[in-house]
Amino acid sequence: MNKFTAWISSKGLSSVLILAVVLLVLFPLAFDIFRLNLVGKYLTYAFVALGLVMLWGYGGVLSLGQGVFFGLGGYAMAMFLKLEASDPESTKIQSTPGIPDFMDWNQLTELPLWWQPFEHLPFAMIAVVAIPTLLAFIIGYAMFKRRVGGVYFAIITQAVALILTVLIIGQQGYTGGVNGMTDLKTLLGWDIRTDSAKYILYYLCALLLLGSIALCLWVQKSKLGTLLLAMRDKEDRVRFSGYDVAMFKVFVFCLAAALSGIGGALFTLQVGFMSPSFVGIVPSIEMVIYAAVGGRMSLVGAVYGALLVNFGKTYFSESFPDLWLFLMAGLFIGVTMAFPDGLAGVWEKKVKPWWARKQAERLAIRAAVARDAATPATPTDDINAPSTVRPLHATPTGQNA
């Protein structure tokens with residue numbers, strides 16, 4: 001047991017182990033199925049926060065359009081679920097049975113060609129990762145090869161989020177428009193609305209999240225992670241050393257996009273719908289807040305940040321429906337001003353040193369007690385024992401010798 005604990009500490013996995021216990025044991029025991037399903041939804045946002053830790057914290061590239069990749073992953077999964085829910089028997093009252101209802105409302109008479117591959121779950125699962133990654137590669141390669149970065153890249157990603165939102169809303173016959181894709185009920189005939197399904201989906205989300213953390217930790221501890229940090233701090237020096245800085249940025253941008261796509265797909269399964277409200281500028285900025293509150297250099301902190309912000313959002317909206325936006329803004333401003341390194345910074349700079357001092361004090365007290373117990377007691381003289389010292393007799397005054 002001591003060897004396992006030492007190995008966990010040496011690898012820096014203690015915080016990951018605590019998070020695993022919280023997600024897999026504590027939350028399922030503490031919450032009912034309704035609240036647990038909410039936590040599962042919050043954890044889908046944590047995938048985006050992980051990607052931002054790698055992209056922003058390690059790569060030094062701030063993206064304000066991660067909602068684009070979250071939405072693309074969610075729509076890829078929603079397309080499969082919508083086609084399964086649109087079988088001819090379920091849609092027999094439509095003018096054209098066998099196609100999604102929003103297509104029928106917009107006078108489409110057949111399924112579009114680019115929708116047809118999404119009838120197969122393996123293709124949809126590949127598309128969840130491949131489509132966001134491909135778009136990130138195109139954007140990243142076009143921008144980073146031209147050395148576009150900093151605030152300019154952040155603005156461009158915001159523009160992409162706005163363009164995609166307008167495109168989804170405008171193409172209502174193909175995407176469901178502003179309402180999105182709703183009424184998603186089954187996955188290969190399995191009803192995803194039951195309590196047992198919600199438990200399974202929660203554990204699936206938590207396990208995939210922990211696996212994503214392990215993947216990101218592996219990247220951080222590899223040579224690639226070292227180069228990402230060097231690139232963030234001294235980009236020109238890395239470039240002059242012969243490395244292609246642009247391709248490193250493209251890689252970490254694609255990694256963040258892939259993680260966001262996985263989160264979007266799990267969100268669709270957890271909630272049962274997907275709409276353009278999760279794609280635009282506002283949700284993308286909220287996703288940056290998750291990483292900022294948790295700590296943009298900490299993977300585990302990003303997960304706690306996503307949970308904290310969304311818990312606050314739910315609580316404030318339930319308890320203070322007229323003020324919750326102001327309270328959320330105050331929470332974010334207060335945390336970032338008081339703790340610029342996020343929750344992870346509080347843990348590393350405040351809690352851990354305090355705990356180390358307490359442990360050192362306890363060890364010092366134990367060592368002192370053990371030392372006193374090991375020291376043999378000094379024998380003392382018995383006051384009742386007769387003295388062996390002869391008394392000195394003084395010569396009387398005035399007596400002759």
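Start with helix 4 (66-85), helix 6 (121-144), helix 7 (150-170) and helix 8 (172-175), which each supply at least two residues to the lining of the second largest pocket. Helices are DSSP runs (H or I, at least four residues), numbered from the N terminus. The model is predicted: local features need pLDDT of at least 70, side-chain atom pairs count only at pLDDT 80 or more, and totals for chains, interfaces and linings use all residues. Residues are numbered from 1 along each chain as its sequence is written, and side-chain values use heavy atoms, without hydrogens and water.

Select helix 4 next: with six residues, helix 4 gives the most to this lining. A pocket is an open set of points on a 1 Å grid over the protein atoms alone, where a 1.4 Å probe fits, with protein on both sides within 12 Å along at least five of seven lines; lining residues have an atom within 4 Å of a point. The second largest pocket holds about 420 Å³ of space, a volume filled by probe spheres set on the points. Now show Leu72, Met79, Trp114, Leu164 and Thr175, the closest to the pocket centre among its 20 lining residues.

Move on to helix 10 (residues 223-233) and helix 12 (residues 245-271), whose axes (lines fitted to C-alpha atoms over the stretch in contact, with angles from 0 to 180 degrees between N-to-C directions) come within 11 Å and cross at roughly 110°. Helix 10 is therefore roughly perpendicular to helix 12 (65 to 115 degrees). For the contact (heavy atoms within 4.5 Å), select Leu224, Leu227, Leu228 and Met231 of helix 10 with Val245, Phe248, Lys249, Phe251 and Val252 of helix 12.

Key. Angles under 35 degrees count as roughly parallel, over 145 as roughly antiparallel, 65 to 115 as roughly perpendicular and the rest as oblique.
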